[in-house]
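Reader: I would like a close look at one part of this model, with the pairing of its strands and the packing of its helices set out step by step. Please keep to what can be read from the coordinates.

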Amino acid sequence: MKVQPPRAGLLPPTSFALLLALLSTPSAPSLLFVASIEREIMQYWARRLEQEIDGVMRIFGGVQQLRKIYDDNKSLFEVKENVPRKLVEKVAGDIESLLAKKVRALKRLANAAEKFQKAHHWQDNIREEDIEYYDSKADTEYDDPDGEEIEREKSNSLKLEFTDDDNFKTKVNYSYAAVQIPTDIYKGSTVILNELNWTQALEDVFIENRKEDPSLLWQVFGSATGVTRYYPATPWRAPNKIDLYDVRRRPWYIQGASSPKDMVIIVDVSGSVSGLTLKLMKTSVYEMLDTLSDDDYVNVASFNEKAKPVSCFKHLVQANIRNKKVFKEDVQGMVAKGTTDYKAGFEYAFDQLQNSNITRANCNKMIMMFTDGGEDRVQDVFEKYNWPNKTVRVFTFSVGQHNYDVTPLQWMACANKGYYFEIPSIGAIRINTQEYLDVLGRPMVLAGNRAKQVQWTNVYQDALGLGLVVTGTLPVFNLTEDSSDRKNQLILGVMGIDVALNDIKRLTPRYNVLAAGALSPCLALPLFLQIINFREPVTLDFLDAELEDENKEEVSKAGAASGTQQYIDEVFRTYTWAPIKSTNYSLGLVLPPYSTYYIQANLSDQILQVKLSCATEDFEYLLPNSFESEGHVFIAPREYCKDLDLSDNNTEFLENFIALMEKVTPDSKQCDNFLLHNLILDTGITQQLVDQVWKDQDLNTYSLLAVFAATDGGITRVFPNKAADDWEEEPEPFNASFYRRSLDNKGYIFKPPYRDAGYRGLDLENNTIGILVSTAVELSIGGKTLKPAVVGVKLDLEAWAEKFKVLASNRTDRDQLGTRRVRLDDTALLPQDLICVLIDDGGFLVLSNQEDHWYQVGKFFSEVDANLMSALYNNSFYDRVTLPMPTPCPCPPVAGGQCPRVPSVSPFLGVSAAPCTSLFQQFLYSLTYSSWFQTEEVVGDGMEARETSCIMKQTQYYFSTVNATYNAIIDCGNCSRLFHAQRLANTNLLFVVADKPICSQCESVKLLQAEVRAPPRDPNQCELVDRPRYRKGPHICFDYNATVRGAGGLGWAGPGRGGGILWGGRAMGGFPEGAPLGKSGQWVPLSREWSHGRIPGEP
C-alpha cells in the first residue's frame, strides 16, 4: 500500500463523494478549485467542532467560575513554594536519620554475634534434642512435583502461637526467633547443631532492639552454614514447588559477604565433555551466575582448541538480571567437540580481566574454570599474567564422574590463591558454586573494623511477605584464634535488618510535591529501582526509565515525556537530586513547572470554633445525605489520621472519616494537618462550584451525563449524584489518568472508555457510554502560577455521535468560500460511503458518524479501520514507541515452573507516592523494560525444570509534530481512498474524513497497540552493554591481605559443607582440628546429596 498526496489536476480512481457530486453539476468548477473547496470545507467543519467543544466546556466546566471561587477564598489559604533543593536535602536527611537508627541495631547485633560465637564451645556429641528452637518449616506443607505427598520429617521444633501483626502483614510471635534451614542441608549434622546452639543467644538481642526501636522489622542473621535465624518468629512461607531458599544466595547476603567482583567463567567444551557432564556444567554456570549481584561484572566463554564468548558480550558486563539472562540462555547452546587447550581458555580470561577500557568492579578478580579434567598445568600462562602478585584468583571445578587425575586442577587453584571443587552430581552444584564466597570474605575478616561497612541493598521482594524492602547488611566475623594466636579467616555470616519502602515513602512530602500532579521524590537506590515478586531483585537503571540524553546521563552520575497506560505526553521536568549520606543511595525529585507552587489551607481560626466554623459545614458536604443536592463526593484514600480505618468502598471510607472527625479535631496531633485542612478547603470550594454553576444548568440540553471537578486536596465531586454509579475513575486524583493528563497538557483532553481488541460492545439502548472531557484550572495568584484542580464533563456517546453528524456537515449554515457561495445538500455532503471520525492522541476512536463504529469507541483505531490508521501513521500524524507493560502474560506450560507474575510497581511508586514522572511515570507506572525487567529462572530437582520470563509489551502512539491540514491518497489501484486529516485546536483530537473503502483488496499491515508477548531478550542488548551505566559501588575494596593463609598452599572442598574450608588437612572455621571430618577422614555431610572425597596431600 502506498500513501501519497494528490497531484494537481489529477483525481484518484475513487474520491470523496462530495467532490464527485460537485463535478457532476452542470457548472462544475475546475479541479484545483474543487480541491481548495474540499480543504476549506474540512476546515470549516473542524472549526464548528472546536467551537462546540469550547462552548460546552465554558458553560459547564466552570473554569472561569472556579478561578473566581479561589480568588474569593484567598483568605483561607496561602500559596507556598516548593524549593527543590531544600525539599530533597530535607527528605534525604530524614531518610538518613531513619536508616541510622537501623544501623545502630545492626551493629549491636553483629557485635553480639561475634561475642557469642567466640565464647561458644564446640560440641562433638551434640544432639537435636539438646537444641530448643522454632523450626519455621516444621508446619509448612509442601507439594511434591509429581503430585505425591512429601513425608514430613520428625521435628523437635517448639510449638508457638502467633498473632496477626499489621507491621509485618502476617502472624508473628515476639517472644521467639525462628530458624530456616535450606532443604538440601541436613539439619541434624554436628555443624548445624552447633550453629543453632550459639545463635540462640541472639534472641535476647533481637528483643532488646525492638524495645529500643518498635518500628524495627525483620532482624535476620544469615549464617555461612546456610542457617537463617530471624525475628520475630513466623511460619515459613511455602512456595508452590520445592523450597530452594538459601540465605547465602539472597542478594543482601551476597552483597554483605564480599567486596565487588570481576569474574570470568570459562567452560571446557572439548569432545570428552558430553552428555551428563555437559549438562552439569551448564547448570553449574547457571548457578554461579546467581551468586553475583549488581555490584559485580562477569563474562562467560567456552573453550576447546580456541576460546570464544558464549554470548554477544565481548567484554565484562554488569551482572544485572538482563545480562545474566543472556548468559543463561546462550550457555544452553554450548556443544562439546574438539580437544582441550587450557592455555586458550586462561589466556582469554586474563585478557578480559586486564581490559582497562571498560566499566568494571576493579576489586576482586577471579577466573572460574569448569572442566572434566586434563593434564596441562599451563604454568607459563600464570607466570605471564598472574605471578608473582597473584592478583587474580583461580577456582577450578572438576565436573562429572570420571577417573581423570585431578592433581593439575588442584595445583592451578592453589598456585593462584583459589580453591578446587568437585561437582560429581547435580546435588553438589548449589553448594560448591557458592563456597568461593568464603574465600573472598577472608580479606574482609582480616581487615577487622575497617571492613565493618554497613551496605544497603537494592529494593527487592521480602521472602516473608513484607513487600518491597531494602536491607542494611553488616558482615559478622569469626574472632577465634588457633593455638598459635593466628586469627581465624572465615566470615560467620551476614546480619541484616529490613526497612520497608513504605516507611521511606512516608518521609516524603507527598502531597505538597504532588500538588497539581507532580510526583513525589524517587529513591534511586544506587540509581536503580526494583520490581516485585521475583526470586531475586530486578533492577531498573534511571536511564532505562527515562528517554536518554546527555543531561540525564549527568543526572545519573551526579545523583522528558510522561504517560499513562495508553498515552504518551511530552512534558517539561526539573530534576533535583542529593546523596543520602552513609549510604550508596541518592534521592531524586522530578518537578513539573506548575508544581513550583502549591496551596496550603489556613483554617486554624475556623477549626478552633468547631460548632460555628465553615469547616464543620464543609464536613457536612462529605456526608452521603448531601450527595443528592450537592453531587457525589469521592475522597482520596490518604492517611489523614493515624486511626482512620481505610476501606476500598468510598462511601464506607467517608463514613469512617466523618466518624473520626467527630472524635478528634482536624488540628489533632494524630492527624496530618496539611492533608486534612486542604481536604476541608477543597470540599467547600467544589461545593460552591455546584451552587454557582452546575445547579443552574440543564445537562440534558447539551447531552451531558455528568460534570465533575477533582482537586489536589483529594476531592472528586461528580454531579449529579446518579452519575457516580457509572464513575470508574480512581478516587485518588493523582492516580486518575484524566487528572494527570489534564495537568500535563493544555486545552481539553478527551478520554474515551478503553476497549480492547476483543470488545464486542453493549446494547446502547440499555447502557449509556460516556466520554470524559477535562481541562486543568490554572491560577495566577501574586504572580505565582499553579494548577490546583481539574474540571470536566462526561458526554453521552450516542447523543454526541448524532451531534457530530450535524457538526461535521453543512446542514444549517452557508459558508463564504472566496468570492463564490457553495451550496451543498445533505446527501452530497455526508453520503453513507464517507467516514468522519475523531481520534485522540493515543490513536483511540472517540466519535464516528458510522453507527457500526459506536460500540468500537475506545478501541485503537487500527481495530476499526486498519487501512486508514496505517495511512495516518505513514503520513507522520502519529509516532510510536514500544513499551513493556506490568501485566502478567499467559505463558505456555513450562516443566517445573509457572509464569511469574509481573505486577505494577504502583505499590512502590504508585502515582500518589510515585517518584519521578516523565517516562519514569510511564516506565514505572506502566513499566518500560524491553527485557530490562526479567525473571530469574529456577532450577529445581532437574536441570531442565525452569521458569521462563514472560513480559508483555505494548506499542503506544502519540501525535507527531505535524499540526497542519493534510490531504492524501491511499494509493491502492482501483481501491484507492482519499482522506483529509486535521488537528482540532485546543484538544487532543484528530479530525479525519475519508472515503469508505469500496473493496477489500487494499491490504495494509495492521498496526498493533494491544499488549503482546515480548521477545525473550532485548534485540539491542549487545549494543546496550557498550554504553554501560554509571554505578556507585562500595568505596572500599577488600580483595587482598598478605596474611591470608593459603597463598600458595593447597585448598580443596568436597561436595558438602563441613563448617569451613578444609585447608591442608586442617578444618578452618572456628572448629577444632578434624571437627568436620568423619572417622575415616571423609567429609561429614550437610547435604543429602554428596559424595566422598579425599583430602589431597601437600604438593
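**Strand pairing and helix packing**

Author: In this predicted model, strand S18 (residues 468-477) and S19 run antiparallel and are joined by 9 bridges. Within that pairing, Thr 471 has Asp 498 of S19 as its bridge partner. Strand S7 (residues 219-223) also pairs with S19, again in the antiparallel sense, over 5 bridges, and here Ser 223 stands opposite Gly 493 of S19. Strand S19 itself, which spans residues 491-500, is mostly covered, with 10 of its 10 residues buried.

Turning to another sheet, one finds an open arrangement of 6 strands in the order S28-S30-S29-S33-S32-S31, with antiparallel pairing. Its edge strands are S28 (632-635) and S31 (749-751), each of which pairs on one side only, and from one strand to the next the twist averages 20 degrees. Inside this order, strand S29 (residues 704-711) and strand S30 (residues 715-719) run antiparallel and are joined by 4 bridges, and Phe 708 has Val 718 in S30 as its bridge partner.

Helix H3 packs on this sheet, where it touches S29, strand S32 (770-781) and strand S33 (784-796), and the direction of H3 makes about 40 degrees with that of S32. Helix H24 (residues 797-807) likewise lies across S29, S32 and S33, but its stated angle refers to S33, to which H24 runs at about 90 degrees.

Helix H3, which covers residues 63-72, also packs with helix H22 (residues 673-692), at an angle of about 130 degrees and with the two axes 10 Å apart. Because an angle counts as roughly perpendicular from 65 to 115 degrees and as roughly antiparallel over 145, H3 and H22 are therefore oblique to each other. The crossing in which H3 passes H22 is right-handed. On the H3 side the contact involves Leu 66, Ile 69 and Tyr 70, which meet Asp 682, Ile 685, Gln 688, Leu 689 and Gln 692 in H22. The residues of this contact divide into 5 nonpolar, 2 polar and 1 charged.

Terms used: Residues are numbered from 1 along each chain as its sequence is written. This is a predicted model: local features need pLDDT of at least 70, side-chain atom pairs count only at pLDDT 80 or more; totals for chains, interfaces and linings use all residues. Side-chain values use heavy atoms; hydrogens and water are left out. Axes are lines fitted to C-alpha atoms, for helices over the stretch in contact, and angles run from 0 to 180 degrees between N-to-C directions. Helices (H or I, at least four residues) and strands (E, at least two) are DSSP runs, numbered from the N terminus. Angles under 35 degrees count as roughly parallel, over 145 as roughly antiparallel, 65 to 115 as roughly perpendicular and the rest as oblique. A crossing is left-handed if the near helix is turned anticlockwise from the far one by less than a right angle, and right-handed if clockwise. Contact means heavy atoms within 4.5 Å. Ala, Val, Leu, Ile, Met, Phe, Trp, Tyr, Cys and Pro count as nonpolar, Asp, Glu, Lys and Arg as charged, and the others, Gly among them, as polar. Two strands pair if DSSP finds at least two bridges between them. Buried means under 20% relative accessible area, exposed over 50%, partly exposed in between (1.4 Å probe, protein chains only).
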